[in-house]
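Visitor: I would like to learn how to read the inside of a protein model, and I hope you can take me through it slowly.

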Amino acid sequence: MALHLPISTATLPQLNLPLYERIRIDIQARLVEQGWDPDLPIPTEQMLAQEYQVSIGTIRKAIDRLVQEGMLYKAQGRGTFIKQPDFKNSLLRFFRFRNHEGKQAVPTGMVKSIRKVPPTPAINKHLLIDEGMALIELQRLRIVENKVVLSEQIWLPEHLFSDLLHFEPLEFGNLLYPFYYQHCGQFISTAKETLSFTSEVEDSDLNARKGDMLIQIERLAYNLENRPVEYRISLGRPENFKYEVKIS
């Protein structure tokens with residue numbers, strides 16, 4: 001069953017753009033504003049052409065642009081879907097964790113605390129919000145067999161994520177991004193990560209004092225409108241660090 005979008009040509013943006021571009025903008029806006037089930041395909045090109053009262057070629061151009069921009073992807077024989085990046089294992093590019101049997105393990109996430117905090121100029125700048133706007137701060141741990149292997153500090157624009165303040169830390173579960181979408185309508189579509197080293201941080205969860213070397217991963221995550229909505233710093237001990245790249 002395909003996702004149904006209430007579409008009307010009367011709602012198209014009145015811009016001096018080709019028709020397929022106006023349709024692309026309209027489809028993107030409706031997907032962002034109305035939500036969707038990422039497991040269901042969007043309407044077929046034939047359905048969209050009928051609803052917009054345009055040719056299939058025009059619809060195909062609009063859909064192809066959304067595919068090129070990374071918002072949609074096409075699955076042969078199944079349809080066109082909202083693209084869901086796999087963030088679950090992204091940190092495994094930099095860290096390798098093993099359980100007591102020596103097998104590779106994926107850490108479990110646990111929110112330690114959540115609170116509203118005053119604006120921080122550097123973080124507000126990362127998130128491209130006014131310097132006077134408040135933030136939400138989460139402290140989060142990644143755990144393997146009851147041992148903290150990563151410590152994370154996360155900042156979100158309060159005006160977009162205020163509903164999260166109604167939840168207790170343990171209600172967040174293992175994965176944050178589905179929680180963001182379910183309760184705040186913010187779908188994380190892309191992210192940029194930067195790796196560095198620091199010895200200036202004291203972190204009791206990692207049993208690290210100032211002067212101890214830690215690996216630091218900074219992540220800036222974007223929603224479907226390509227707007228930065230999450231700034232995150234993840235810290236881990238260097239004994240778990242690895243760097244792996246395939247060159248061909």
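Visitor: Which residues touch the most other members of the largest nonpolar core?

Guide: A nonpolar core is a set of buried Ala, Val, Leu, Ile, Met, Phe, Trp, Tyr and Cys residues joined through side-chain atoms within 4.5 Å, where buried means under 20% relative accessible area, exposed over 50% and partly exposed in between (1.4 Å probe, protein chains only). Here the largest such core has 19 residues, and those touching the most other members are Leu-138, Leu-156, Phe-161, Leu-164, Phe-172, Leu-176 and Tyr-180. This is a predicted model, in which local features need pLDDT of at least 70 and side-chain atom pairs count only at pLDDT 80 or more, while totals for chains, interfaces and linings use all residues. Residues are numbered from 1 along each chain as its sequence is written, and side-chain values use heavy atoms, with hydrogens and water left out.

Visitor: How many aromatic pairs does a search of the whole structure find?

Guide: Rings of Phe, Tyr and Trp (its six-membered ring) pair if their centres lie within 6.5 Å, and planes under 30 degrees apart count as stacked, over 60 as edge-to-face and the rest as tilted. The search finds eight pairs. Tyr-73 and Phe-81 are stacked, because their ring centres are 5.7 Å apart and their planes lie at 20°. Of these two, Tyr-73 is partly exposed at 31% relative accessible area, whereas Phe-81 is buried at 3%.

Visitor: Why is the pair of Phe-167 and Phe-172 edge-to-face?

Guide: Their planes stand at 65°, with the ring centres 6.3 Å apart, so the pair counts as edge-to-face. Phe-172 is buried, with a relative accessible area of 3%.
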